[in-house]
Amino acid sequence: AENPDLSAIAMDACVPGGKPNTIPLVMRFRKTFGGPMVAISSDYFYRSQLMAAGCSHECEKYDLPKVIRSLLELR
């Protein structure tokens, strides 16, 4: 909410490490950020956890550039 220039957030499930640890951060961001939040992970279960926490979109890591371009209507 304090940065109106922020258009989208891409959130990896595991930063750093091999277990999902960003769920509390997604929940915190969602309290004040109404824009698109993308859950990124190669693991479907991790992405579904981020979606349940507040992300509005999901993709595997290799699809992130395409998803962000689409959300921001860039070509």
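**View 1. Strand S2, helix H2 and strand S3 form a right-handed β-α-β unit in this predicted model.** Strands S2 and S3 (residues 57-59) run parallel and are joined by three bridges. Within this pairing, Ile40 stands opposite Cys59 in S3.

**View 2. A right-handed β-α-β unit is also made by S1, helix H1 (residues 23-32) and S2.** S1 and S2 run parallel, with four bridges between them. Ala10 stands opposite Val38 in S2.

**View 3. The largest nonpolar core comprises twelve residues, among them Ile9, Val26, Phe33 and Tyr46.** At least two residues of this core come from each of S1 (9-12), S2 (37-40) and H2. H2 provides the largest share, three residues. A second, separate core has five residues, including Val38, Ile40, Cys59 and Leu64.

View 4. Leaving aside residues up to four places away in sequence, Cys55 touches Met11, Val26, Arg30, Met37, Val38, Ala39 and Leu50.

View 5. Beyond residues up to four places away in sequence, Tyr46 touches Ala13, Cys14, Gly18, Lys19, Pro20 and Ser41. The C-alpha atoms of Tyr46 and Lys66, which are 20 residues apart along the chain, are separated by 20 Å.

Conventions: Residues numbered from 1 in each chain as written. Predicted model: local features only at pLDDT ≥ 70, side-chain atom pairs only at ≥ 80, totals over all residues. Heavy atoms only, no water. Contact = heavy atoms within 4.5 Å. Core = buried A, V, L, I, M, F, W, Y, C linked by side-chain atoms within 4.5 Å. Buried < 20%, exposed > 50% of the residue type's maximum accessible area, 1.4 Å probe, protein only. Pairing = 2+ DSSP bridges. Right-handed = clockwise from strand over helix to strand, strands pointing away.
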